[in-house]
Amino acid sequence: MSRDPPRQPPPRLTPPLRALLDLHLDAAREIGLDPIVTYTKRTFAEQQALFAQGRSPLADVNALRATAGLPPITAKANQKVVSWTQKSKHLPGPDGLAEAYDLALRQPSGISWDPHQDGNHNFEPDWNELAKVAEGLSLPTGERLQAGLRFGDACHFQLKRPKTT
């Protein structure tokens, strides 16, 4: 159920995304969810360590995590891919701010990333509800961004960039 504890406050986001995050959190709380921000801006070393998880041997992953200042993980945790790109929007842009954030849901039993959990007891998985709220704000979810890959990233939300011609 519980992974690494929340690490960062949200202000490391671009102003447009920070405003959307506040709306996302408020709307989620209105429907009985209790989301918390677990990640905003990441260093390149953190992104490398997270990208290696589930793809590289445990010793290599934990060496990268140590370099990034992250705690070691277990062999079981290293069976799960947790990032689909090395060019994450969690990495700081030219302004030093990120264009992505990750959430977790607070439950009586602890922090949860369970995709089937229905903590507000309305017969719909909480992550589906959180995704619908985000999509109403034009925030793509990680689950939708990397459809077709062998893992989901429902806890990831990022700023949608307008297409340029």
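**Helices, strands and how they meet**

Q: Are α2 and α3 roughly parallel or roughly antiparallel to each other?
A: This is a predicted model, so everything here is read from predicted coordinates. The axes of helix α2 (residues 44–52) and helix α3 (residues 58–68) cross at roughly 160°. Any angle over 145 degrees counts as roughly antiparallel. The pair α2 and α3 is therefore roughly antiparallel.

Q: Is the crossing of α2 and α3 left-handed or right-handed?
A: The two axes come within 8 Å of each other. As for the sense in which α2 and α3 cross, it's left-handed.

Q: How many residues of the contact of α2 with α3 are nonpolar?
A: On the α2 side you'll find A45, E46, Q48, A49, L50 and A52, while α3 brings V61, L64, R65 and A68. Sorted by class, this contact has 2 charged residues and 1 polar one, and the nonpolar count is 7.

Q: What is α1 to α4, oblique or roughly perpendicular?
A: Helix α1 (residues 15–30) packs with helix α4 (residues 126–136), their axes 10 Å apart and at an angle of about 135°. Roughly perpendicular would need 65 to 115 degrees, and roughly antiparallel needs over 145. With its angle of about 135°, α1 is therefore, relative to α4, oblique.

Q: How many charged residues does the contact of α1 with α4 have?
A: Here H24, A27 and A28 of α1 touch L130, V133 and A134 of α4. By class, 5 of the residues in this contact are nonpolar and 1 is polar, and the number of charged ones is none. The crossing of these two helices, by the way, is right-handed, but the charged count is still none.

Q: Which residue of β2 is the bridge partner of Y39?
A: Strand β1 (residues 35–39) is mostly covered, with 5 of its 5 residues buried. β1 pairs with strand β2 (residues 100–107) in the antiparallel sense, over 4 bridges. Across in β2, the partner of Y39 is D102.

Q: What share of the contacts in the protein with a separation of 6 or more is between residues 24 or more positions apart?
A: The protein has 165 residues, and buried ones make up 42% of them. Turning to contacts with a separation of 6 or more, the share between residues 24 or more positions apart is 66%.

Technical notes
Residues numbered from 1 in each chain as written. Predicted model: local features only at pLDDT ≥ 70, side-chain atom pairs only at ≥ 80, totals over all residues. Heavy atoms only, no water. Axes fitted to C-alpha atoms, helices over the stretch in contact; angles between N-to-C directions. Parallel < 35°, antiparallel > 145°, perpendicular 65-115°, else oblique. Left-handed = near helix turned anticlockwise from the far one by under 90°. Contact = heavy atoms within 4.5 Å. Nonpolar A, V, L, I, M, F, W, Y, C, P; charged D, E, K, R; others polar. Buried < 20%, exposed > 50% of the residue type's maximum accessible area, 1.4 Å probe, protein only. Pairing = 2+ DSSP bridges.
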